[in-house]
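Please look through the model shown here before reading on.

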Number of protein chains: 2
Amino acid sequence: MEPIILASSSPRRQDILKELGIPFQVIMPQVDETIPENMAVENVPEFLASQKVEAVMKTLPQGQIIPWILGADTLVIDQDNKAYGKPENQEEATKILKKLSGKTHKVVSSIALFNGKLNYLATRTNITLVTFKNMSNEEITWLVNTGEWHGATGAYRIQGKASMFIEKIEGSYSGVVGLPIFEIYDILNEQGYKILV
Amino acid sequence: MEPIILASSSPRRQDILKELGIPFQVIMPQVDETIPENMAVENVPEFLASQKVEAVMKTLPQGQIIPWILGADTLVIDQDNKAYGKPENQEEATKILKKLSGKTHKVVSSIALFNGKLNYLATRTNITLVTFKNMSNEEITWLVNTGEWHGATGAYRIQGKASMFIEKIEGSYSGVVGLPIFEIYDILNEQGYKILV
């Protein structure tokens with residue numbers, strides 16, 4: 001298989017590419033995360049995933065052939081259309097989890113794939129619904145104290161202990177982790193990347 | 001936390017208990033898997049999960065105090081109400097995947113927990129809907145050749161490469177893996193097992 005440049009430093013995304021057997025190298029882009037003023041919040045992950053790819057392209061030496069660059073971005077959006085990224089401290093993590101408790105929220109996970117052969121940027125977005133049970137204060141405090149909120153969009157990791165409080169999901173588990181596998185396969189396949197080898 | 005006896009040799013189930021930080025020891029029961037003649041197929045996993053717990057109890061020395069025993073069983077049930085366990089060979093795996101391709105099937109995952117303090121057996125069942133995309137013969141052959149069907153209920157592992165072909169799930173990812181985490185927490189909590197420590 002051809003190597004891919006992954007424009008993300010997230011260990012979870014790297015684990016998913018490894019599981020799929022796709023060879024990759026990580027280039028962590030410097031991205032200006034300024035969002036266009038009137039952009040709908042659901043479109044932000046696709047915008048940022050594309051920005052990450054563009055940022056990587058700028059760091060590469062001119063004339064270098066770039067076959068494949070993959071960017072990804074994930075946001076948690078609650079029922080009031082409020083978006084959450086990674087909390088900065090315990091207080092913020094607690095606040096987010098209290099907002100998500102007992103409700104269904106959206107996880108919007110987008111990927112952008114640059115196809116160097118066609119000089120084309122393709123994108124896909126997965127939206128998955130995640131329902132938390134009504135968590136007690138004791139449960140939220142305990143979950144925050146596990147420290148799993150560190151670096152986690154929406155202050156929880158579905159692959160960690162938060163799953164004890166997740167009643168159901170509707171969509172893609174890997175999308176909630178941060179890299180939707182069905183969409184990865186679909187976009188690579190469409191762009192002519194040979195994955196079934 | 002108190003140690004639990006896990007009445008299953010499935011490495012995936014062990015991984016989930018480890019992830020939750022629950023201490024356990026494995027006792028692999030010998031179970032007569034004869035199903036009551038008129039039992040609805042959806043009730044079979046709960047029956048077999050309970051049988052595994054009973055089988056473990058019989059192997060323990062008389063008079064030994066048994067605090068907690070956890071059994072689990074999982075079945076894949078297609079739209080024609082046909083149930084699939086683990087395929088025996090490549091041909092059977094191919095046949096099952098062809099049946100699941102392009103359709104939504106049910107994964108029924110049951111747990112049975114023996115509470116030695118109350119001499120009580122509690123049970124929970126999770127039903128999750130899994131939708132496969134329409135797979136080509138090339139895709140099915142490739143998936144079978146990965147060997148992931150070995151020991152996998154319904155001939156696929158959602159945590160493996162099959163996820164490239166799974167459009168969506170509705171319910172519990174861990175239930176499809178074989179041990180539904182939300183239900184594990186719920187049943188342990190109900191029975192007074194201290195898990196939030």
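The paragraphs below describe the two chains and how they meet, and then selected elements within each.

This is a predicted model, in which local features need pLDDT of at least 70 and side-chain atom pairs count only at pLDDT 80 or more, while totals for chains, interfaces and linings use all residues. Residues are numbered from 1 along each chain as its sequence is written, and chains are lettered from A and ligands numbered from 1 in the order in which they are written.

The same surface serves both copies, since 100% of the contact residues of chain B recur in chain A.

The interface itself involves 20 residues of chain B in contact with 20 residues of chain A; contact here requires C-beta atoms, placed from the backbone, within 7 Å. On the chain B side, α4 (137-145), β7 (166-171), α5 (173-177) and α6 (181-190) each supply at least two residues. Helices (H or I, at least four residues) and strands (E, at least two) are DSSP runs, numbered from the N terminus. β7(B) gives the most to this side, with six residues. By class, the side of chain B that touches chain A has ten nonpolar, four polar and six charged residues; Ala, Val, Leu, Ile, Met, Phe, Trp, Tyr, Cys and Pro count as nonpolar, Asp, Glu, Lys and Arg as charged, and the others, Gly among them, as polar. Strand β7 of chain A and β7(B) run antiparallel and are joined by three bridges, and A:I169 has B:G171 as its bridge partner. Strands are taken to pair if DSSP finds at least two bridges between them.

What surrounds strand β5 of chain B? Ten of its twelve residues (104-115) are buried, so β5(B) is largely enclosed by the rest of the structure. A residue is buried if 20 or more other C-beta atoms lie within 10 Å of its own, exposed if 12 or fewer, and partly exposed in between, with C-beta atoms placed from the backbone. β5(B) pairs with β6(B) (120-132) in the antiparallel sense over twelve bridges, and B:H105 stands opposite B:V130. Four residues separate the strands of this hairpin, where B:N119 takes a positive phi near 50 degrees.

Strand β3(B) (68-77) is joined to β5(B) by ten antiparallel bridges. Among the facing residues are B:L70 with B:L113 and B:I69 with B:F114. β3(B) is mostly covered, as eight of its ten residues are buried. β3(B) also pairs with β1(B) in the parallel sense over two bridges, with B:L6 partnered by B:L70. Two antiparallel bridges join β3(B) to β4(B) (83-84), and in their hairpin, with five residues between the strands, B:N81 takes a positive phi near 65 degrees.

B:L70 is also one of the residues with the most contacts inside the largest nonpolar core, which has 103 residues; the others are A:L70, A:L97 and B:L97. Such a core is a set of buried Ala, Val, Leu, Ile, Met, Phe, Trp, Tyr and Cys residues joined through C-beta atoms within 7 Å.

In α4(A), A:I140, A:L143 and A:V144 are buried. Their arc is only 100 degrees, which puts them on the same side of α4(A). These buried residues pack against α3 of chain A, whereas the face turned away carries the exposed residues A:E138 and A:N145.

Finally, B:M1 is found in the segment before β1 (4-6) of chain B. B:M1 is partly exposed, with 15 other C-beta atoms within 10 Å. B:M1 and B:V197 are 196 residues apart in sequence and 7.3 Å apart in space, C-alpha to C-alpha.

Note on methods
Contact = placed C-beta atoms within 7 Å. Arc of directions from axis to C-beta.
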